[in-house]
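Dear colleague,

My notes on it follow.

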Amino acid sequence: MENKIEKLEDGKIKVNVTADAKEVDRAVSQTYKDLAKKYAFPGFRKGKAPRPVIDNAVGRESVLSSSTEDLVNELYPRIIEDERLSPVGSPDFGDPGMVEPGKPFAFEFTVSLKPEVELSSYEPVSVEVPFENATETEVDDQVKALADHYKTYENASSDTALGEGLAADIKIRATKEDGQEIAALTSESMLYSLGTGLYSEELDSKLSGIKKGEERSFTLHVADDETAMLMADLAGQDVSFAVECTVVKHETAPEVTDEWVKETLGFDTVEDLRKEISGSIEQQKAQIIPQIKENACAAELVKRVEAEAPAAMAEQMESDLLQDFFTQLQRSGMTFDAYLQSRGIDNDEFKEDVKQQAQDEVKRVLALDAWARHKGIGATDEDVTLEFERAGVDEPKKLERQWREQGRLYLIRDEIVRSKAMADVLETAVVTEVDLTGKDAEE
């Protein structure tokens, strides 16, 4: 087999392929064998019908057409592997013509290749990550959260209005437009605090300032993007409330003393409690900081990609992300509608989110490829073989051979290169440890 590669515009190539007569004859012979085994021809056992009988039954042109298709499908992945190409999308073979026994066969195809972009800089990236050790602020926050769990409530005076640091014992009834009672929001006695995130901000606003003995009735339209835990399932609906305040209470968190932690939590001293919390925080950080660092480094690299994500790559990445997402969703047992409600987004926002993720991921791929080219990072055949051995499959050599025959080894090879490139980025990165507890949630 001979092939010649010609570069076209828009990142495409045209490959002219010539298969010699032996390749053609082998493909034609295999087609006749397959047909002889597949069909029962009168007067002949399966697999024993001669070519003239097969030609008479199915047509010689049909045989040669099948031989052509089989040969083209066999040679394409071989070319991809031999030339170390990384195609994007499917090839276009046009009209390849038809093979003739005993003669060479020429055909051509065009295919898009993964583009090679350059980064605006190949200097080490600078990133910020959380301190590996637990900060005093982080421990303080955990101690406060623990103390809040043991809050006590004392009745306030009758003229006290519900506000910050207070809770109201309320009788509440919530109903949908059809009058159906909403169990999660209905109670003869419920302790209600503002700003917990369990209820919508609109409901907090309606109950803010309520006093002992006061009754309030109102109807709320739950926002389409509502994320409050007890109201997300009601997104887009009108809900009617009838509320009566029984009493307003002061919230009092216990003072965290040696005596309290010993009686309540079983620690000898507050310092012992703080050490335990600090150790737990540092264990969690040890698990998540490497990923935070990698994500931050990748994000910095993406900023250095000045080109747009190629449409073909973005579309393929979007398809892959959606397939992975719905596979995981099915395994979790969650419905798509439930997922949207839990995220507080609609279907259009979900699609836009996936589209943006796909573009970012493509830029990450291109950035790591550029870094690898600049640093001379590659993948050897031994690297590829080792990757199959690490996969834990029963017959790694057999699987590797199948992937090679299918022209898919470039997928493994590219991922190995990107993994090496990311390792190099991480190793050379300038890392600054910062206290992230002061950052706002969005940042």
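Predicted model: local features only at pLDDT ≥ 70, side-chain atom pairs only at ≥ 80, totals over all residues.

Residues are numbered from 1 along each chain as its sequence is written, and side-chain values use heavy atoms, with hydrogens and water left out.

Strand pairing

Helices (H or I, at least four residues) and strands (E, at least two) are DSSP runs, numbered from the N terminus. Two strands pair if DSSP finds at least two bridges between them. Strand β10 (residues 238-252) is joined to β6 (residues 152-155) by four bridges in an antiparallel arrangement, with Y153 opposite E251. β10 also pairs antiparallel with β7 (residues 166-175) over ten bridges; here A174 stands opposite F241. With β9 (residues 215-221), β10 forms seven antiparallel bridges, and H221 has D238 as its bridge partner.

Helix contact

The axes of α11 (residues 381-390) and α13 (residues 409-428) come within 10 Å and cross at roughly 100 degrees; axes are lines fitted to C-alpha atoms, for helices over the stretch in contact, with angles from 0 to 180 degrees between N-to-C directions. α11 is therefore roughly perpendicular to α13 (65 to 115 degrees). In this contact (heavy atoms within 4.5 Å), D383, V384, E387 and F388 of α11 meet L409, I412, R413, I416 and K420 of α13.

Pockets

A pocket is an open set of points on a 1 Å grid over the protein atoms alone, where a 1.4 Å probe fits, with protein on both sides within 12 Å along at least five of seven lines; lining residues have an atom within 4 Å of a point. Grid points are joined across faces, edges and corners, and a volume is the space filled by probe spheres set on the points.

The largest pocket holds about 660 Å³. Of its 22 lining residues, R84, L85, S86, K114 and E116 are the closest to its centre. Two or more lining residues come from each of β1 (2-7), β2 (12-19), α10 (347-375) and α13, and α13 has the largest share, four residues.

The second largest pocket has a volume of about 570 Å³. Among its 19 lining residues, the closest to the centre are Q316, M317, D320, L411 and R418. α13 gives the most to this lining, with five residues.

Key. Parallel < 35°, antiparallel > 145°, perpendicular 65-115°, else oblique.
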